[in-house]
Amino acid sequence: MWTSSADADLNLLQTQMDRLARDATAQLEADGVPTENISLERSVDCRYVGQGYELRVPAPDGDIDDVWVKTVAEAFHEAHGRTYSQRFDDKPVQLINIRVTGVGAVPHVRITEIEKGTADCSAAIKTVTRALFWRDDTAAPEWIDTPVYDRSLLLAGNTIDGPAIVEQFDSTTIIGMNQHATVDAVGHIIIERKPA
């Protein structure tokens, strides 16, 4: 049941949904997405009359008519039943918001591999070491002069035995006393526990 499905209301709804679809398509085309790679997802926020909260449900493509209204109302009843374990098929449903989301498919992005090196990464060690307080699982805590590596100088295949610090502009990676790190082909630092 819908609070109103008068033709004038459905025509206005159709006009607004079409406008949102045009706007989303135009924005994606302006961003360089080819038309054939654009898809639109329509959804609506609904609630039972008198409720103070809404649920978002998918809305079908095509003309907005009485069949469309019944489809959306049923989707809302089902969503309400899943979310709140009850549905009220005899209560009128209000449509609060309409939404159109434009999705642009882009080609698969190939991640660039970094320069290859050997296991030795001593060239990436900064001139400073830091005395840091470390503790492993079995020994008492102790101060250890810890090498500090420059992340931008690490190469694929480099390995680092902890304890160590890897610094970069926006983050610091800690390699613990019982850990071993390997730099993979695209520059990720893979940290694992050393074998016992």
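1. In this predicted model, Tyr 48, Phe 76 and Phe 88 form one aromatic cluster. The count for the structure comes to 3 aromatic pairs. Two of the pairs are described in the next points, and both include Tyr 48.

2. Tyr 48 and Phe 76 pair edge-to-face, with 4.7 Å from centre to centre and 70 degrees between the planes. Tyr 48 belongs to strand S1 (residues 38–48) and Phe 76 to helix H2 (residues 66–84), so this pair ties together parts that are 28 residues apart in sequence. The cut-off for buried is under 20% relative accessible area.

3. Tyr 48 also forms an edge-to-face pair with Phe 88, at 5.5 Å centre to centre and with 80 degrees between the planes. This pair links distant parts of the chain, since Tyr 48 is in strand S1 and Phe 88 is in the loop between H2 and strand S3 (93–104), 40 residues apart. Phe 88 has a relative accessible area of 27% and is therefore partly exposed. Lys 91 lies over the face of Phe 88, at 5.4 Å from the ring centre.

4. What does the secondary structure of the protein come to? It comes to 2 helices and 10 strands. Read from the N terminus, the order of the elements is α-β-β-α-β-β-β-β-β-β-β-β.

5. The overall dimensions deserve a look. The radius of gyration of the protein is 29 Å, whereas a compact globule of 196 residues would have one near 16 Å. The C-alpha trace spans about 75 × 45 × 25 Å along its principal axes. Buried residues make up 30% of the 196 residues. The accessible surface comes to about 12300 Å², and carbon and sulfur atoms account for 52% of that surface.

6. Among contacts between residues at least 6 apart in sequence, 53% join residues at least 24 apart.

7. How many disulfides does a search of the whole structure find? The search finds 0. A disulfide is a covalent bond between the sulfur atoms of two cysteines. As for individual cysteines, Cys 46 is buried at 0% relative accessibility, and Cys 121 is buried with a relative accessible area of 5%.

8. Where is Thr 173 placed, and is Thr 173 buried or exposed? Thr 173 sits in strand S8 (residues 171–175). At 17% relative accessibility, Thr 173 counts as buried, because the limit for that class is under 20%. Apart from neighbours within four places in sequence, the contacts of Thr 173 are Arg 151, Ala 164, Ile 165, Val 166, Ile 189 and Ile 191.

Note on methods. Residues are numbered from 1 along each chain as its sequence is written. This is a predicted model: local features need pLDDT of at least 70, side-chain atom pairs count only at pLDDT 80 or more; totals for chains, interfaces and linings use all residues. Side-chain values use heavy atoms; hydrogens and water are left out. Rings of Phe, Tyr and Trp (its six-membered ring) pair if their centres lie within 6.5 Å; planes under 30 degrees apart count as stacked, over 60 as edge-to-face and the rest as tilted. Helices (H or I, at least four residues) and strands (E, at least two) are DSSP runs, numbered from the N terminus. Buried means under 20% relative accessible area, exposed over 50%, partly exposed in between (1.4 Å probe, protein chains only). A charge sits over a ring if NZ of Lys or CZ of Arg is within 6 Å of the ring centre and within 35 degrees of the ring normal. The radius of gyration is taken over C-alpha atoms; the globule rule is 2.2 Å times the number of residues to the power 0.38. Contact means heavy atoms within 4.5 Å. Accessible areas come from the Shrake-Rupley method with a 1.4 Å probe; for residues, only the protein chains shown count as cover. A disulfide is a pair of cysteine sulfur atoms within 2.5 Å.
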